[in-house]
Amino acid sequence: MTCLPDRPPGAPALGLVIDLDTCVGCQACATSCKQWNASGHSGPLPDLHPYSAGAEGVWFNRVHSFEAGEGAAGRTVHFPRSCLHCETPDCVTVCPTGASYKRAEDGIVLVNHDACIGCGLCAWACPYGAREMDEVAGVMKKCTLCVDRIYNETIPEALRQPACVLACPTKARHFGDLADPQSAVSQLVADRGGQALMPDLGYRPVNRYLPPRQRQAESQPIEDQPTPLDIKNPLLRWMGRVLTR
Amino acid sequence: MKPAPSIVFFTVASGAGYGLLFWLGLLRPTGLLPQAPAFALTCLGLSLLLITAGLLASTFHLGNPQRAWRALSQWRSSWLSREGVAALLTYLPALCFGFALVSGASGLAVAAGLLAALGAAVTVWCTGMIYASLKPIAQWHHPILAPGYLLLGAYSGMALLAAVSAIGGVVGGPASFIVTLGLAGLVLKLAYWQIVDRLGPAASLASATGLEALGRVRPLDPPATETSWLMREMGFRVARKHAAVLRRICLLLGFVLPMLLSLFAGQFGGGLAVLALLLAALTVLAGILVERWLLFAEATHTAALYYHG
Ligand code: SF4
Ligand code: SF4
Ligand code: SF4
């Protein structure tokens, strides 16, 4: 059913909060996503020409690097991009077969690969480029929010988190319920001014991105600051130089 | 957006086929067209041929064409599903129309013809709405898009109808309709290009990354050095220079030439008119093919912002 579900009041909106301040662009989330999902709910994730020129494949998570701002205030921002599990996504409603759906109970957006005809319309309807065609099986695939990990009772409770969240070496990725204002992720969004992407399009994405923190004013590398060895008196400085030769 | 040949062919061929069916069903009862059943049957056959060829071509675009029947299920939310349902339903009155023509049931022929015309219009409207409803593509998500599909379908259908009816000995009416519809189409295309040339993308990279507070955002490194399905599909770009040439070709082939040919045919009639209107129909189809290719090639998707800025 590709009409959006009536979400029961109080139903969780599971999603990710991604910290653009601490993300170092190491690609650990992207590779661990690929590794887990290649054999998970939406596996396999095919690669075309993996060992030659023109290697490409299906990834649910891709890390871009951008430059933002000008001059001294400019900075490099690493930006992981995956499905935002939107509350009102057209990717679901445009699907002609009912293969694309949003779960009422937790808001996760998934594809039923047995019903998908591979028309690609849902990918056109996603502003965020979050859906990728598996051209071998001829069906659409996308981030599952690791639905096969987060409820998986066969793995230790501490590991019931998306693969990308667990892999991040700088803890730049956080998983939780963004509908609950008391949850750790919602608190993080409130504290750090978490952003929704392209809010004007009206998809109401669940995932949030925490913008880079403001730089400390006048902050200078420690090496540039005067030390006790920076002696003002020229005579003493000359003596210092002679003696340290 | 990538102009996939199967979709470009589908929208042009079935657009013209439905246009022809529309005018045949609507105009035949008025007496403006040749009344011989052979004429109506030829037009009906041609329109169903074009529609069916287009629909078949569109399934080549699918990853799993054998499941295409599933696409009829979600008509409540999906314009693509509605298009499929409308396309299939339109076969019923169209085939009924054919049956009535063969068996000489003139009352039934009129009723079925009108119903088929309605089905044709609804189907093409749904096709237009598939594209017009896509918010990430500014050049499509515009109220002018779906009426454009309707008008150009009607125009190319009329060009086909005029060619066949010239063979059947009637030239004047249909030929003058080509000029009227062609003028309307010309104005519509010029207006559309004026609109999209002023239009920015549906969002900016700054809002696509949530980094608006930092100022201008530009791409530094893409996620992969090689391309991807996403980039082939949504990252397609046509050089402005080439697009400008193609627009002129589209105007010339699709509108100016066929209108001149139709004026010529209306003036002189006879065997030359048949030739002129056949040529007009061909140039209209060629022009609309270019138009449809451009409609894809010039459309930009917000997902490409992450790559091209
Ligand atoms: S990010 Fe794209 S694929 Fe994911 S729910 Fe939103 S619109 Fe759909
Ligand atoms: S590609 Fe599959 S999931 Fe996407 S719209 Fe088409 S049928 Fe639905
Ligand atoms: S939640 Fe899972 S599927 Fe989604 S990006 Fe992270 S690892 Fe990949």
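This is a predicted model: local features need pLDDT of at least 70, side-chain atom pairs count only at pLDDT 80 or more; totals for chains, interfaces and linings use all residues.
Local features require pLDDT of at least 70 and side-chain atom pairs count only at pLDDT 80 or more, whereas totals for chains, interfaces and linings use all residues. Residues are numbered from 1 along each chain as its sequence is written, chains are lettered from A and ligands numbered from 1 in the order in which they are written, and side-chain values use heavy atoms, without hydrogens and water.

The size of an interface is often given as the accessible area lost when the parts come together. Chain B and chain A bury about 4800 Å² between them, 59% of it on carbon and sulfur atoms (accessible area, 1.4 Å probe, lost on being put together and summed over both parts). In chain B, the residues that lose the most area to chain A are B:R218, B:W229 and B:Y306, together 14% of what that side buries. Contact (heavy atoms within 4.5 Å) links 59 residues of chain B with 60 residues of chain A.

Within chain B, helix α1 (residues 5–27) and helix α4 (residues 106–132) have axes that come within 8 Å and cross at roughly 150 degrees. Therefore α1(B) is roughly antiparallel to α4(B) (angles over 145 degrees, on a scale from 0 to 180 degrees between N-to-C directions of lines fitted to C-alpha atoms over the stretch in contact). Helices here are DSSP runs (H or I, at least four residues), numbered from the N terminus. Residues of α1(B) that meet α4(B) include B:Y18 and B:F22. The residues of this contact divide into 12 nonpolar, 5 polar and no charged (Ala, Val, Leu, Ile, Met, Phe, Trp, Tyr, Cys and Pro count as nonpolar, Asp, Glu, Lys and Arg as charged, and the others, Gly among them, as polar).

Ligand 2 is surrounded by 13 residues (one heavy atom within 4 Å), the closest being A:C95, A:C116, A:C119, A:G120 and A:C122. This shell comprises 9 nonpolar, 4 polar and no charged residues.

Methods: Helices (H or I, at least four residues) and strands (E, at least two) are DSSP runs, numbered from the N terminus. Angles under 35 degrees count as roughly parallel, over 145 as roughly antiparallel, 65 to 115 as roughly perpendicular and the rest as oblique. Buried area is the accessible area (1.4 Å probe) that two parts lose on being put together, summed over both.
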